[in-house]
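User: I am new to this structure and would like to learn how to read it. Could you walk me through some of its features?

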Amino acid sequence: MTGTSAGAVLTGLADIRGWQEDLYRHLHQHPELSHQEHRTAAAVAERLRAAGLDIREGIGGTGVVGLLRNGDGPTVLLRADMDALPVREETGLPYASTTVATDLDGHEVPVMHACGHDVHVACLVGAAALLAEATDSWAGTLVVLFQPAEELGDGARRMVDDGLAALVGDVDVALAQHVLPMPSGVVGTRPGPVLSAADSMRITVHGRGAHGSMPQAAVDPVVLASMIVVRLQTVVSREVAPTDPAVLTVGSIHGGAKSNVIDDHAVLELNIRSYSEQTREAILAAVRRIVTAECQASGSPQEPEFEMFDRFPPTHNDAAATALVRAAFDTHFGHRAQDLPLQSASEDFSDVPEALGVPYTYWGIGGVDPEVYRAAEEAGRISQDVPVNHSPAFGPVLQPTLDTGTEALVVAALAWLAPGPVS
Ligand code: ZN
Ligand code: ZN
């Protein structure tokens, strides 16, 4: 049904591939940290403007929105994220990043596109250019959204809070993609839960400080924190159904500064992943209960303090929107359209459709050289030999990754924007 329109729009791919690959290499070599995506946003705006889109910049910081009104029809929002990570690149690519930047805490850090957001940006700019070139092959409104700070989980929210809804008007569906450690050329869809919700929690527990030789005068916060770490291991294993995936990691524990001093407090930092609001709330409640009870058991002189940070919403793909995209992918990609396994990572994309009150679907595209992937698979070493997102060795192969991501955006958008059934 969408084959004809997609085919017509995608004939332009050969013409844009040159500058699109250049744009990708440029972005990869010049990554920018979360909320600092100024040059990336400027490069995006320049390309979109050249393609004839109506551009708004500086939404929620560095966010960019491009609009292309093309007659009556549905409105489709396509989203990409722009930020990079404080990681030192070790891909050995000729266009590897050597960038160093100052993070929001004032620290000098190496910067790398270790999560492939440069792929997302290049693909979406390319897809917008293709759709803008072929306006007689579709009807409706295209909204392209480039957001800051996905890695911090607050970039999408800041665009929403900065008046995004008024800017984009009525939207029918929101679509987004992520490059993942799968063979390049593959697209993966999944209805229902696809990415976890993530919550970080900082817990401060209080003791009573004393000399290390006089424990009877102390309430030892290091022992208290240790008990909490052990007891928290039972939350997922004993309180969550085995069919309901969840993770609770104590990623950081700090207490004391000297062997012969018993400190007066300790700080724990937790990361919690879940796939439903119900499970998320059950885990958070269990953590509070256990920490409070352990403090009481230790005779802690003061109530513990809980602080939530780095929140990511769950990503739960709409069944109907996902089915429509999958059917279009099956037609266009054939056997390269596959089922995406449940992912343990998190995203803030869903903050956009949730705020607009519209359905959404989020799919994966592969970025790994298919030969490298096949060799790792045959050796039973996929986890060891295929670099995952956020790793210093994460370097998607340029093609067919860019082509596939660009085609996926165009094909998916046309599942709504193509004019009537075409045989
Ligand atoms: Zn990431
Ligand atoms: Zn990412």
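Analyst: Gladly! Let us begin with a term: two strands pair if DSSP finds at least two bridges between them. Please keep in mind that this is a predicted model. As a case of pairing, β1 and β2 are joined in the antiparallel sense over four bridges, and Arg-56 stands opposite Val-65 in β2.

User: What is found in the hairpin of β1 and β2, between the strands?

Analyst: Three residues lie between the strands of that hairpin, and Gly-60 there takes a positive phi near 60°.

User: How does β2 pair with β6, parallel or antiparallel?

Analyst: First the general idea: strands of a sheet pair through backbone hydrogen bonds, either parallel or antiparallel. Here, strand β2 (residues 63-70) and strand β6 (residues 140-147) run antiparallel, joined by seven bridges.

User: Is β2 largely enclosed or left open by the rest of the structure?

Analyst: Residues count as buried when their relative accessible area is under 20%. Seven of the eight residues of β2 are buried, so β2 is largely enclosed by the rest of the structure.

User: What is the order of the strands in the open sheet?

Analyst: The eight strands are arranged as β1-β2-β6-β3-β7-β18-β8-β17, and their pairing is mixed. At the edges stand β1 (54-59) and β17 (337-339); each has a single partner strand, so one side of each has no neighbour in the sheet. From one strand to the next, the twist averages 25°.

User: Which helices lie across strands of this sheet?

Analyst: Let us take two of them. Helix α11 (residues 370-378) lies across β7 (173-183) and β18 (360-368), at about 60° to β7. Helix α13 lies across β3 (75-81), β6, β7, β8 (187-189) and β18, and runs at about 155° to β7.

User: How do I read the packing of α9 and α13, and at what angle do their axes cross?

Analyst: Two packed helices are described by the angle between their axes and the distance between the axes. For helix α9 (residues 319-333) and helix α13 (residues 401-417), the axes come within 9 Å and cross at roughly 125°. The two helices are therefore oblique to each other. The crossing of α9 past α13 is right-handed. Among the residues making the contact are Leu-324, Val-325 and Phe-329 of α9, with Val-411, Ala-412 and Trp-416 of α13. By type, the residues of the contact of α9 with α13 divide into 11 nonpolar, two polar and one charged.

Definitions and conventions:
Residues are numbered from 1 along each chain as its sequence is written. Chains are lettered from A and ligands numbered from 1 in the order in which they are written. This is a predicted model: local features need pLDDT of at least 70, side-chain atom pairs count only at pLDDT 80 or more; totals for chains, interfaces and linings use all residues. Side-chain values use heavy atoms; hydrogens and water are left out. Axes are lines fitted to C-alpha atoms, for helices over the stretch in contact, and angles run from 0 to 180 degrees between N-to-C directions. Angles under 35 degrees count as roughly parallel, over 145 as roughly antiparallel, 65 to 115 as roughly perpendicular and the rest as oblique. A crossing is left-handed if the near helix is turned anticlockwise from the far one by less than a right angle, and right-handed if clockwise. Contact means heavy atoms within 4.5 Å. Ala, Val, Leu, Ile, Met, Phe, Trp, Tyr, Cys and Pro count as nonpolar, Asp, Glu, Lys and Arg as charged, and the others, Gly among them, as polar. Buried means under 20% relative accessible area, exposed over 50%, partly exposed in between (1.4 Å probe, protein chains only).
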